[in-house]
Amino acid sequence: MQFADLKRYVYINHKYFNIREVLLNIAVLVKLAPDTEAALKIDADRLKIATVDINYVLNPYDEYAVEEGLRWKEKFGGTTTVFSLGREEAVKALRNALAMGADEAVHIVSPGGLDMLGKAKALAAALQGRGFDVIFAGKQSVDDDCGAVGPMTAYYLSIPHISTVVKLDCDGSRITAWREFEGGAEKFECPLPVLITAQKGLNEPRYASLKGIMFSKKKEIAVVEAAPAQAKIEILKLNYPPVRQAGKIVGQGVEAVPKLLQLLREEAKVL
Amino acid sequence: MNILTYIESREGKIRVAGLEALSAGRRLVDAAGGKLTALLLGSGIDGLTEIVRGCGADAIYLADHPDLALYSPEAYCKTAATAMLKSNAQIFLLSATALGRDLAPLAAAKLDAGLLTDCTEAALENGQLVVKRPVYGGRLIMTLAAASLPVVVSLRPKIFPVVKCEVAEPTIEKLTLNLDGVIRARCVETKAEAGGKLDVTEADVVVSGGRGLRSPDNFHLIEELAAALRGAVGASRPVVDIGWRPHSEQVGQTGKVVSPTLYIAAGISGAIQHLAGMSSSKVIVAINKDPEAPIFKVADYGIVGDALEILPVLTQAVKALER
């Protein structure tokens, strides 16, 4: 289904009825990421984290993206298709999204070693030609914290994007979106198709229903292969940040306040 | 190595983060040789050149156009790409603010350039750009190199110092731009936080409250201390999740990462994801009832006690200090 106000004429009882029916074709990009409470260890190669004993979950920001994709489907009709780029583990992210209510899922099998540009190109190649009216993604994943794949994917699809969106409205053909900056917020207007990255606060993600979980288990996941690409950046090493030494307990209760202020002025010199 | 630095401005005002990026650019150019060009974008921004003049740029490009008055990813990206070509730069440097984090990936895609986001260190090693950047919300630090040029580099705000420097008078050039039909996603309105509220990522002092405040009604105690210290109000994830405070105040892995001079955590126990967001602060003060709370393991100074009792006394003492 292509975007825009689709005016359809339905022939009922010898009359044509003009029904304004939107039926949106919605895509959501998701990925798996380590639970933010997980204890992280650096792997022997010093380039990545050791994956054993880590609980992987749907990237928290992608939950907002999936939720938004489902709300739009419920409002306008249409289908929500989730895409995930990665190795076998990506299937878990897709099943989580299917359990929340997505209709279709596509696993883009990564050849490994892709940088942000390579990932965005792989996603754009999988999305291209499917006529999506709107594409949702999380504002960043909580592993590499780049926030780059969304805007880059929009670029390769030649569609506009609006990132870190906290409030979003759509009338079926145009959107208005709010994003925050330091000390303020800005409102964007844009026609469909568009790519939106979701910031916390956009919505409250739903829990998977029992029916959804059953559906996600047996739903067949489409598979496409991503093309390998030469990375333009190179990871040299991964380190733990410098450990902060525990300081001193100045004292107990309000009596400690004068001593604290003295230390902040004379020792730390920050006041 | 030629560098183009975008100097962020909003509503006719230069943002300090933009000057931080310019100073960082100066250091790289001094080390490797080359030319540093500062790019100013906006509408009616002639006056901004004065501020940038003494900050180390060899050349200043003025991109003055009605379509650049408000931020537009598409128009800003096209302008940056034009400026990169004109200045023959290999590095596009900008600050990793809300704007910079949006513009950098789009510019990287347009320039077919590698992207290094939110860097806390940047240096040239044997002619190769090598950076450090926090990953996993600051719980690990990754070292990366630009394997090819050009490269787009965004720098975390409040990490790189602004250094005034003596260089020859910069040349000033107006860019000729054609932005017809470029903007599809258009900014139509901006809204400042009520009372010119300071953002946690920009403040020198951040006072954050957690569940130890026991009720949203008690957050005025945090606000009053923050006001006395001319700082910003922060919050832990639990109090944002239950709706006591807006998400824009959340400090931590799924909120904002802050590096103020002074960070005061009141009634915050210190979950891993919170510590990740504030551990790079210069001085940390913790106030918590539980002497075993993990926050004390990273704090320089701690007071064991009830935040509700201690905060008002601390605020009064800070105010007394001012007088």
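Modeller: Two residues are in contact if their C-beta atoms, placed from the backbone, lie within 7 Å. By that rule, the contact takes 70 residues from chain A and 78 residues from chain B. Several elements of chain A each supply at least two residues to the side that touches chain B, among them α3 (116–127), β9 (161–170), β14 (233–239) and α6 (257–266). Helices (H or I, at least four residues) and strands (E, at least two) are DSSP runs, numbered from the N terminus. The top contributor on this side of chain A is β11(A), with eight residues. By type, the side of chain A that touches chain B holds 41 nonpolar, 13 polar and 16 charged residues. Here Ala, Val, Leu, Ile, Met, Phe, Trp, Tyr, Cys and Pro count as nonpolar, Asp, Glu, Lys and Arg as charged, and the others, Gly among them, as polar.

This is a predicted model: local features need pLDDT of at least 70, side-chain atom pairs count only at pLDDT 80 or more, and totals for chains, interfaces and linings use all residues. Residues are numbered from 1 along each chain as its sequence is written, while chains are lettered from A and ligands numbered from 1 in the order in which they are written.

Strands also pair across the chains. Two strands pair if DSSP finds at least two bridges between them. β15(A) and β18(B), residues 301–304, run parallel and are joined by four bridges. Within β18(B), B:Val304 stands opposite A:Gln252.
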